[in-house]
Amino acid sequence: MEAVRPSIIALLLCVSFLLWDRLSAAPLNQRPIIGVLAQKTDDIFQFGNSYIAASYVKFLESAGARVVPISIKLTEAEYKKLFHSINGVLFPGVAHLQTSKFAEVSAIFYNLALKAKDEGIHFPVLGICLGFEELTVLTSGENLLTTTNTSNLPLPLNLTKDALHSRMFRNFPKDLLQALQIKPLTGHHHDWSISMKNFTNNKMLSNFYRILSTNMDSQQVEFVSTVEAFKYPIYAVQWHPERSPYEWNMTWEIPHSPEAVKVSWYLAAFFVNEARKNFHHFSNTAEEEKALIYHYPPIYIGNIFKLEQIYLID
């Protein structure tokens, strides 16, 4: 029998690898929908009951997702139904940590996301600022936050060794990661933080989350500023990536440089791509269309508050 030529063997191997790549590559949801939790307007605005800052919506839409507002007036059964209809959830933040409906609803989605992952279903969660703080409370079971002088402070990130190999940052361009570490590209607008001391001393937190970055406030208090869970698709940033492209109030120290905007884009793309791994869906098209935020007109409030636009939800 004539020996098979090496060139034919190489061709067959190449075709085999291409077929394997196609078969092994996980399919992605090309129409991801992400829920954004509403917040009470108490002590912030004098109208409406709850709202979502439009910058969070734009942040997600910029990476190819649609948004469903999550009302704070639903029943637990309605929240569970909504969880099985959307592909991820964002916990936003503007005000202080609340022991309120915001915390209650966050806990429902957080626990459902953990349960889903344990059952092999990928459902990502992103906490920003107050959302970051809420996640530390949900994971640890207690409020370990401490006051920091970070209410209006753009900062570079002190990236840890784990950050370079993290799910969140590993696809960032190298030059952007370098800029993140030396330039004040992240806007910090919070009065509370989780200190490194409190974080590392709490086994619930240190065993659950990988620290990706830290920062130091003006009083030399070191705090955790970026984390991702070890085994769950749960991510949190103490800073505001959504503000660099979309919020313009002059009293807020918001970095608007091209690099700061790129950080926002890359983080949005990362989280939306996480949501693409989930295939929850609404029971029908009419129900899906009814739930989308397009039914809520954005309202300009830049003349009375620091945010440019909001959606009134309830």
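User: Let's start with Glu119. Is Glu119 buried or exposed?
Analyst: Glu119 is exposed, with a relative accessible area of 52%. Keep in mind that this is a predicted model.

User: What does Glu119 form a salt bridge with, and how far apart are the closest N and O atoms?
Analyst: The partner is Lys115, and the closest N and O atoms are 2.8 Å apart. Lys115 counts as partly exposed, at 48% relative accessibility.

User: How many salt bridges does the structure hold?
Analyst: There are 10 salt bridges. One of them joins the side chains of Lys101 and Glu104, at 3.3 Å from N to O.

User: Where do Lys101 and Glu104 lie?
Analyst: Both are in helix 4, 3 residues apart, which is about one turn of the helix. In general, an α-helix has 3.6 residues a turn, so residues three or four places apart point the same way. Lys101 is partly exposed at 22%, and Glu104 is partly exposed too, at 45% relative accessibility.

User: Now Arg167. Which residue does Arg167 form a salt bridge with?
Analyst: Glu228, with the closest N and O atoms 3.9 Å apart. Arg167 sits in the loop between strand 8 and helix 6 (174–182) while Glu228 is in strand 11, so the pair ties together parts that are 61 residues apart in sequence.

User: Is Glu228 buried or exposed?
Analyst: Glu228 counts as buried, at 1% relative accessibility. There's also a network of salt bridges here, linking Arg167, Arg210 and Glu228.

User: Switching topic: what is the strand order in the open sheet of 8 strands?
Analyst: The order is 4-1-5-6-12-11-10-8, with mixed pairing. Strand 4 and strand 8 (158–159) are at the edges with a single partner strand each, so one side of each has no neighbour in the sheet.

User: How do strand 1 and strand 4 run, and how many bridges join them?
Analyst: They run parallel, and 5 bridges join strand 1 (residues 33–37) to strand 4. Val36, for example, has Pro69 in strand 4 as its bridge partner.

User: And what does helix 4 touch on the sheet?
Analyst: Helix 4 packs on the sheet and touches strand 1, strand 4, strand 5 (89–91), strand 6 (125–128), strand 10 (209–216) and strand 12 (234–237). The direction of helix 4 makes about 140° with that of strand 5.

User: What about helix 5, which strands does that one lie across?
Analyst: Helix 5 (residues 130–140) lies across strand 5, strand 6, strand 10, strand 11 (222–229) and strand 12. It runs at about 120° to strand 6.

User: Okay, helix 3. Which residues in helix 3 are buried?
Analyst: In helix 3 (residues 76–83), Tyr79, Leu82 and Phe83 are buried. They cover an arc of only 105° around the axis, which puts them on the same side of helix 3. Ala77 and Lys81, on the other side, are exposed.

User: What do the buried residues of helix 3 pack against?
Analyst: Strand 4 (66–70) and helix 4 (101–118).

User: Then there's strand 3. Which way do the residues of strand 3 point?
Analyst: In strand 3 (residues 50–53), Ser50 and Ile52 point one way and Tyr51 and Ala53 the other way, and all are buried.

User: Last topic, backbone. What is the phi of Cys129?
Analyst: It's positive, about 55°, although Cys129 is not a glycine. Cys129 sits in the loop between strand 6 and helix 5, and it is buried, with a relative accessible area of 2%.

User: And where does Gln220 lie?
Analyst: Gln220 is in the loop between strand 10 and strand 11. Its phi is near 65°, again a positive value in a residue other than glycine. Gln220 is exposed, with a relative accessible area of 59%.

Technical notes
Residues numbered from 1 in each chain as written. Predicted model: local features only at pLDDT ≥ 70, side-chain atom pairs only at ≥ 80, totals over all residues. Heavy atoms only, no water. Buried < 20%, exposed > 50% of the residue type's maximum accessible area, 1.4 Å probe, protein only. Helix = DSSP H or I, 4+ residues; strand = E, 2+ residues; numbered from the N terminus. Arc of directions from axis to C-beta. Contact = heavy atoms within 4.5 Å. Pairing = 2+ DSSP bridges. Axes fitted to C-alpha atoms, helices over the stretch in contact; angles between N-to-C directions. Salt bridge = Lys/Arg side-chain N within 4 Å of Asp/Glu carboxyl O.
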